[in-house]
Amino acid sequence: MEIDKILRKVGDSGLTLVPLQLYFSDGWAKVELGLARGKRSYDKRQDLAERDAKREIAREFGRHLKGASRSR
């Protein structure tokens, strides 16, 4: 019954099943599941912009370190 309810929510409302915890008990593998909603498009754009900024900072920092080591 509960499995049918979860499958209906996943199929109808665009939710996703996410494994939260995995453990073994008496020879059985048990998985704790959660329902999650995906990111909105504006959240994705913000994360991409942050990742690009961090990558650029790391690149410039690496260039700075390489330049500093050559001058010694």
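Accessible areas here come from the Shrake-Rupley method with a 1.4 Å probe. With that in mind, here are my notes on this predicted model.

1. The chain exposes about 6,900 Å². Carbon and sulfur atoms supply 55% of that area. How much of the chain is buried? Buried residues make up 3% of the 72 residues, where buried means under 20% relative accessible area. Keep that figure in mind when you meet the single residues below.

2. **Overall dimensions.** The radius of gyration of the chain is 23 Å, whereas a compact globule of 72 residues would have a value near 11 Å. Look at the C-alpha trace too: along its principal axes, it spans about 70 × 35 × 10 Å. As for contacts between residues at least 6 apart in sequence, 12% of them join residues at least 24 apart.

3. **The order of elements.** In total, that comes to two helices and two strands.

4. Strand S1 covers residues 15–25 and strand S2 covers residues 28–37. How do they run relative to each other, parallel or antiparallel? They run antiparallel, and 10 bridges join them.

5. **The turn of the hairpin.** Two residues sit between the strands of the S1 and S2 hairpin. Aspartate 26 takes a positive phi there, near 55°. To find your way around this end, look for serine 25, which stands opposite tryptophan 28 in S2.

6. Threonine 16 belongs to strand S1. Which residues does it touch, leaving out those up to four places away in sequence? The answer is Gly34, Leu35 and Ala36. Threonine 16 counts as partly exposed because its relative accessible area is 43%, which falls between the 20% and 50% cut-offs.

7. **A nonpolar patch.** Leu17, Leu22, Phe24, Val31, Leu33 and Leu35 make a nonpolar surface patch of about 590 Å². The elements that give two or more residues to this patch are S1 and S2. Take leucine 17 as one of its members: you will find leucine 17 in strand S1, partly exposed with a relative accessible area of 34%. A general point to remember while you look at strands: in a regular one, the side chains alternate between the two faces of the sheet.

8. **Two glycines to compare.** Glycine 38 lies in the loop between S2 and H2. It is partly exposed, at 47% relative accessible area. How far is glycine 38 from glycine 27 in space? C-alpha to C-alpha, the two are 33 Å apart, with 11 residues of separation in sequence.

9. **Salt bridges, part one.** How many salt bridges does the structure hold? There are three. One of them joins arginine 55 to aspartate 52, with the closest N and O atoms 3.3 Å apart. Both residues are in helix H2 (residues 41–70), and because they are three residues apart, about one helical turn separates them. Arginine 55 is partly exposed at 43%, and aspartate 52 is also partly exposed at 43%.

10. **Salt bridges, part two.** Arginine 59 pairs with glutamate 56, and here the closest N and O atoms are 2.7 Å apart. The two lie three residues apart in helix H2, about one turn of the helix. Both are partly exposed: arginine 59 has a relative accessible area of 38%, and glutamate 56 has 35%.

11. **Salt bridges, part three.** Glutamate 60 and arginine 63 meet through their side chains in a salt bridge, at 2.7 Å from N to O. The spacing is three residues, about one turn, within helix H2. Glutamate 60 counts as partly exposed at 38%, and arginine 63 is partly exposed at 49%, a value under the cut-off, since exposed means over 50%.

Note on methods:
Residues are numbered from 1 along each chain as its sequence is written. This is a predicted model: local features need pLDDT of at least 70, side-chain atom pairs count only at pLDDT 80 or more; totals for chains, interfaces and linings use all residues. Side-chain values use heavy atoms; hydrogens and water are left out. A salt bridge is a side-chain nitrogen of Lys or Arg within 4 Å of a carboxyl oxygen of Asp or Glu. Helices (H or I, at least four residues) and strands (E, at least two) are DSSP runs, numbered from the N terminus. Buried means under 20% relative accessible area, exposed over 50%, partly exposed in between (1.4 Å probe, protein chains only). Two strands pair if DSSP finds at least two bridges between them. Contact means heavy atoms within 4.5 Å. Patches are made of residues with over 30% relative accessible area and no salt bridge: like charges are joined within 9 Å, nonpolar side chains (Val, Leu, Ile, Met, Phe, Trp, Tyr) within 5 Å. The radius of gyration is taken over C-alpha atoms; the globule rule is 2.2 Å times the number of residues to the power 0.38.
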